[in-house]
Amino acid sequence: MSKTIVITGGAGFIGSHVVRLFVSNYPEYTIVNLDALTYAGNLANLSDVESAANYRFSKTNILDTDALAALFAEYKPDAVIHLAAESHVDRSILSPLDFVFTNVVGTVNLLNAAKTAWAGDFSGKLFYHVSTDEVYGALGDTGLFTETTKYDPHSPYSASKASSDHFVRAYGDTYELPVIISNCSNNYGPYHFPEKLIPLFINNIINKKPLPVYGDGLYTRDWLFVKDHARAIDVIFHKGKTHDTYNIGGFNEWTNIALVKLMCSLMDERLGRKAGESEELITYVKDRPGHDRRYAIDANKLNRELGWSPSVTFEEGLAQTIDWYLSNEDWLKQVTSGDYLNYYKEQYGK
Ligand SMILES: NC(=O)c1ccc[n+]([C@@H]2O[C@H](COP(=O)([O-])OP(=O)(O)OC[C@H]3O[C@@H](n4cnc5c(N)ncnc54)[C@H](O)[C@@H]3O)[C@@H](O)[C@H]2O)c1
């Protein structure tokens, strides 16, 4: 069945994988990539699908309500998959208001645009909001986040995402807008902007720069390969129940220090360096304020109800990711110029 889907944030890390999957797997759909192209948006992420007949790009900011109304009038979308966001916790600590504007106000603008354009006729319509496990706060040594875990965000980023989730649910309850939310754990994979841990460290290992590890290095995250997140979004979009929530995770917990050591050894092998050489780059730095100790997702509902599970192990996904960065050094050089370097200096003082 033909459909028009607006995917917001499609030029970003996860969005570009979602756009690629939908453009390639559903030639009968028209995919409109809506993105403001902030520092995190890079159309080069989509160079392999940009000439596909069912792909469109619109440089639109979700803070611009007139532009959103015009886009809905032009494309008459059946569905929205909303990924556009300010997404980096450290940046949210430096400028929280940017996160309030994009993540909260931008999401409400998009909800209003969909509600107005669909004008009460919601049959066949869907507003799918992509969110994070960080809304649930931090775990102790045991336990997992489920879909019913109480929200307890600690950073301006997670507070802004929690707020956007609440607005999406409120539009579902108040206006009966057909909404779905998914909350996913940390992603890694190709096209990841090198300010986040895994691509930052790949880049620093290549360039023999220090590997800044926060605090004692024992912060624990559940890592999921980005293509498996895109597969989960596909399954939830097509088979998920409206007004429901799905947690997405990799069943794959790593402390930061164990992860960094694994990366060092995989990269030493590939770069022809002696074993242990890159580990010497590890430098412990002052902890991030409000740092959540452990996140871990229970993704059993998604597995049980919709049959999704991760397709690669962490070792396979990490090796694929490192190989991608090593064979795409031009992409890496291009994104590590300009704003990224200023930001890096501000954050790490080097
Ligand atoms: N990265 C993760 O590990 C992770 C995990 C779970 C959930 N998420 C969520 O998934 C979504 C995508 O994350 P990501 O890591 O790909 O982010 P990203 O920072 O790589 O990409 C965000 C995209 O949104 C665009 N954007 C930002 N502000 C905009 C605005 N005002 N108007 C239009 N476009 C705008 C940017 O240009 C960029 O292309 C976010 O909502 C994030 O909260 C991310």
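The model is predicted, so local features are taken at pLDDT of at least 70 and side-chain atom pairs only at pLDDT 80 or more, while totals for chains, interfaces and linings use all residues. Residues are numbered from 1 along each chain as its sequence is written, and side-chain values use heavy atoms, leaving out hydrogens and water.

Let's start with helices H4 (residues 96–118) and H5 (residues 156–175), whose axes lie 8 Å apart at an angle of about 15°. Helices here are DSSP runs of H or I with at least four residues, numbered from the N terminus, and axes are lines fitted to C-alpha atoms over the stretch in contact, with angles from 0 to 180 degrees between N-to-C directions. H4 and H5 are therefore roughly parallel, a label for angles under 35 degrees.

At 5% relative accessibility, Lys161 counts as buried, a term for under 20% relative accessible area with a 1.4 Å probe, protein chains only. Leaving aside residues up to four places away in sequence, Lys161 touches Ala85, Asn103, His129, Val130, Ser131, Thr132 and Val135.

Now for the cores. In soluble globular proteins, nonpolar side chains tend to be buried together. A nonpolar core here is a set of buried Ala, Val, Leu, Ile, Met, Phe, Trp, Tyr and Cys residues joined through side-chain atoms within 4.5 Å. The largest one has 42 residues, and Ile5, Ile7, Phe22, Ile81, Tyr128 and Ile248 have the most contacts inside it. Beyond four places away in sequence, the neighbours that Ile81 touches include Ile5, Phe22, Tyr128 and Phe237. Another core lies apart from it, with 32 residues, among them Phe193, Val213, Leu266 and Leu318.

Leu266 and Leu318 also turn up where helix H8 meets helix H10, alongside residues including Leu262, Met263 and Ile322. The axes of H8 (residues 256–271) and H10 come within 11 Å and cross at roughly 50°, and H8 and H10 are therefore oblique to each other.

Our last stop is Thr321, found in H10 (residues 314–327). Thr321 counts as buried, at 0% relative accessibility. Again not counting residues up to four places away in sequence, Thr321 touches Tyr188, Gly189, Pro190, Ile202 and Phe225.

Key: Helices (H or I, at least four residues) and strands (E, at least two) are DSSP runs, numbered from the N terminus. Angles under 35 degrees count as roughly parallel, over 145 as roughly antiparallel, 65 to 115 as roughly perpendicular and the rest as oblique. Buried means under 20% relative accessible area, exposed over 50%, partly exposed in between (1.4 Å probe, protein chains only). Contact means heavy atoms within 4.5 Å.
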